Amino acid sequence: ESLKSIMDYVRESSEHTLLRAYVPHEYYGRLIVLGDEVIGSHRTFVTPDEFRTNVEDGVENKRERFVFSQSAQKTAIAAVHSMGLRFGGVDLLFKDDGSHYITEVNFPSDFVTTERTAEITISDKIVQYTLDR
């Protein structure tokens with residue numbers, strides 16, 4: 001009943017509203033796509049008493065360099081391409097059974113955290129990719 005009431009209010013307001021389903025997950029992945037490949041990635045685990053995995057406070061020790069499955073990489077590449085882009089950051093949620101869900105495709109993409117965590121230089125790869133074309 002409370003959801004119905006909230007939705008009635010939202011329909012009457014001029015605000016743009018996005019209703020999302022909560023997906024229980026073990027960790028989230030950030031995959032940086034350039035062209036037809038994932039050039040860097042990391043994962044971040046859920047912190048205690050927090051359902052968001054992209055919060056900044058105190059998650060540095062919850063991040064790690066990670067190479068995702070071919071299936072997850074293909075999902076990220078397809079997501080970037082579906083937006084008509086050649087570069088982007090894709091956030092995926094991963095359940096403990098290995099299934100994954102797209103939460104965001106970002107362009108421009110903040111890739112600094114992935115650079116630091118994965119200890120790679122994504123910016124150099126972007127420049128070289130551009131020069132090669």
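Begin by selecting Y27, F45, F66, F68 and F94, which together form one aromatic cluster; here rings of Phe, Tyr and Trp (its six-membered ring) pair if their centres lie within 6.5 Å, and planes under 30 degrees apart count as stacked, over 60 as edge-to-face and the rest as tilted. The model on screen is predicted, so that local features need pLDDT of at least 70 and side-chain atom pairs count only at pLDDT 80 or more, while totals for chains, interfaces and linings use all residues. Residues are numbered from 1 along each chain as its sequence is written, and side-chain values use heavy atoms, with hydrogens and water left out.

**The aromatic cluster**

By the ring-pair rule, the count comes to seven aromatic pairs. Keep F68 and F94 in view, since these two form a stacked pair, 5.0 Å centre to centre and with 15° between the planes. The pair links distant parts of the chain, with F68 in the loop between β3 and α2 and F94 in strand β4, 26 residues apart; helices (H or I, at least four residues) and strands (E, at least two) are DSSP runs numbered from the N terminus. F68 is buried at a relative accessible area of 5%, and F94 is buried at 3%, where buried means under 20% relative accessible area, exposed over 50% and partly exposed in between (1.4 Å probe, protein chains only).

Now switch to a cartoon view and colour the strands: five of them form an open sheet in the order β3-β2-β1-β4-β5, with antiparallel pairing. Two strands are taken to pair if DSSP finds at least two bridges between them. At the edges stand β3 (63–65) and β5 (100–106), each of which pairs on one side only. From one strand to the next, the twist averages 25°.

Select β1 (residues 27–34) together with β4 (residues 87–94), which run antiparallel and are joined by eight bridges; R30, for example, has D91 in β4 as its bridge partner. On the other pairing to inspect, β1 and β2 are also antiparallel and joined by eight bridges, and L31 has S41 in β2 as its bridge partner. The two strands β1 and β2 form a hairpin with two residues between them, and G35 in the turn has a positive phi of about 70°. Follow β2 to β3, where the antiparallel pairing extends over three bridges and H42 stands opposite R65 in β3. Strand β2 is mostly covered, seven of its nine residues being buried.

**The helices against the sheet**

Show helix α4 (residues 122–132), which lies across β1, β2 and β4 and runs at about 30° to β1; axes are lines fitted to C-alpha atoms, for helices over the stretch in contact, and angles run from 0 to 180 degrees between N-to-C directions.

Then move to T114, which lies in helix α3 (residues 112–118) and, at 0% relative accessibility, counts as buried. Leaving out residues up to four places away in sequence, T114 touches R30, I32, G40, S41, H42, E119 and I122, contact meaning heavy atoms within 4.5 Å.

**The nonpolar cores**

Which residues of the largest nonpolar core touch the most other members? Of its 14 residues, V33 and V90 do, a nonpolar core being a set of buried Ala, Val, Leu, Ile, Met, Phe, Trp, Tyr and Cys residues joined through side-chain atoms within 4.5 Å. β1, α2 and β4 each supply at least two residues of this core, and α2 gives the most, with five residues. Centre on V33 and display its contacts with V38, A76, I77, V80, R86, F87, G88 and V90, residues up to four places away in sequence not being counted. Apart from this core lies another, of nine residues, among them I32, F87, F111 and A118.

**A last stop**

Finish at L85, placed in the loop between α2 and β4, where contacts beyond four places in sequence are with V80 and F107.
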